[in-house]
Amino acid sequence: VILSVGAMLTVAFLKLVWQANWSKNAVANGKDKVVGLKDSPLAEKINNSKYGKTIMIVVGIAILFLMPFIWGSYWNYVMGTVGIYILLGLGMNIIVGLSGQLVLGYVAFFAVGAYTVGLLTSPVPLNIGLGFWPALLLSIVAAALTGLLLGVPILNLRGDYLAIVTLGFGEIIRILVKSDTLTDLTGGPKGLRNIAKPTLFGMNFSSDVNFMHLILVGVLVGVF
């Protein structure tokens, strides 16, 4: 019951804030408003109140902070996976949504970044022993360079041709990381183990609750 109520409150809050901001921007740009939750009396009071939005944001953050303690390990795993794919979708939206380019191999860059962190922090097979945060920064660079190497040769492709090439690139990366050829490097289907856990201000992120909080922070930063 607590899980259901908390989830509904969180979804309602995020929808309310999103629609209120969208309505304000739409009116400013001369577009018609969409009638919905944002047009309710409560939404109007919050939107017109000096501290209404701030209070709602604080309440929403508090709910998001408390929910991982209530969910339990299983739902933290499920919602953590959902959060990771939300981050993946937000990144893909930059290419597909904002630039209008149909790129279907975005998951390949996701894999490059993930395996970069794993290889730089895991004791096997390279035993580099780099910390999580430096490895994370290097994974961003590796994914960006991979995108550059793929993007330059296909710079003039558009539409279906671009979609086919990028889809093929994504499949190539997926097959390679699971192939016998790179098993010694990537671990094959089993993946990499003993990847370094992130630490922040002396706190070690070792539990599912810690990881859920970290993912929620990433999603909130990506959305807003």
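Analyst: A definition comes before the ring count. Rings of Phe, Tyr and Trp pair if their centres lie within 6.5 Å. Planes over 60 degrees apart count as edge-to-face. This is a predicted model.

User: How many aromatic pairs does the structure hold?
Analyst: The definition above sets what counts as a pair: ring centres within 6.5 Å. On that basis, the number of aromatic pairs in the structure is 5.

User: What kind of aromatic pair do Tyr106 and Phe109 form?
Analyst: A pair of aromatic rings is described by the distance of the centres and the angle of the planes. For Tyr106 and Phe109 the centres are 6.3 Å apart and the planes are 75 degrees apart. Over 60 degrees counts as edge-to-face, so the Tyr106 and Phe109 pair is edge-to-face.

User: Which helix holds both Tyr106 and Phe109, and how many residues apart are they?
Analyst: Tyr106 and Phe109 both lie in α5, residues 106-121. Both are buried. An α-helix has 3.6 residues a turn, so residues three or four places apart point the same way. About one turn of helix α5 lies between Tyr106 and Phe109, a separation of 3 residues.

User: Phe132 and Trp133 form an aromatic pair. Is Phe132 buried or exposed?
Analyst: The pair is edge-to-face, at 5.1 Å centre to centre and 85 degrees between the planes. Trp133 has a relative accessible area of 31%, so Trp133 is partly exposed. Phe132 has 18%. Buried means under 20%, so Phe132 is buried.

User: At what angle do α5 and α6 cross?
Analyst: Residues meeting across this crossing include Phe109, Val112 and Gly113 in α5, and Phe132, Ala135 and Leu136 in α6. The crossing is right-handed. The axes come within 8 Å and cross at roughly 140 degrees.

User: Is α4 roughly parallel or roughly antiparallel to α9?
Analyst: The axes of α4 (residues 73-98) and α9 are 9 Å apart, at an angle of about 25 degrees. Angles under 35 degrees count as roughly parallel. The arrangement of α4 to α9 is therefore roughly parallel.

User: What handedness does the crossing of α4 and α9 have?
Analyst: The contact involves, among others, Gly80, Gly83 and Leu87 of α4 and Met212, Ile215 and Val219 of α9. Met212, Ile215 and Val219 are among the buried residues of α9. The crossing is left-handed.

User: How far does α9 reach from its first C-alpha to its last?
Analyst: Helix α9 covers residues 208-223, which is 16 residues. At 1.5 Å a residue the expected reach is 22 Å. The computed reach is close to that, at 22 Å.

User: How far apart in space are Arg193 and Val124?
Analyst: In sequence, 69 residues separate Arg193 and Val124. C-alpha to C-alpha, the distance is 7.6 Å.

User: How many helices and strands are there in the protein?
Analyst: From the N terminus, the elements run α-α-α-α-α-α-α-α-β-β-α. The totals are 9 helices and 2 strands.

Methods
Residues numbered from 1 in each chain as written. Predicted model: local features only at pLDDT ≥ 70, side-chain atom pairs only at ≥ 80, totals over all residues. Heavy atoms only, no water. Phe/Tyr/Trp six-rings, centres within 6.5 Å; stacked < 30°, edge-to-face > 60°. Helix = DSSP H or I, 4+ residues; strand = E, 2+ residues; numbered from the N terminus. Buried < 20%, exposed > 50% of the residue type's maximum accessible area, 1.4 Å probe, protein only. Expected span 1.5 Å × (residues − 1). Axes fitted to C-alpha atoms, helices over the stretch in contact; angles between N-to-C directions. Parallel < 35°, antiparallel > 145°, perpendicular 65-115°, else oblique. Left-handed = near helix turned anticlockwise from the far one by under 90°. Contact = heavy atoms within 4.5 Å.
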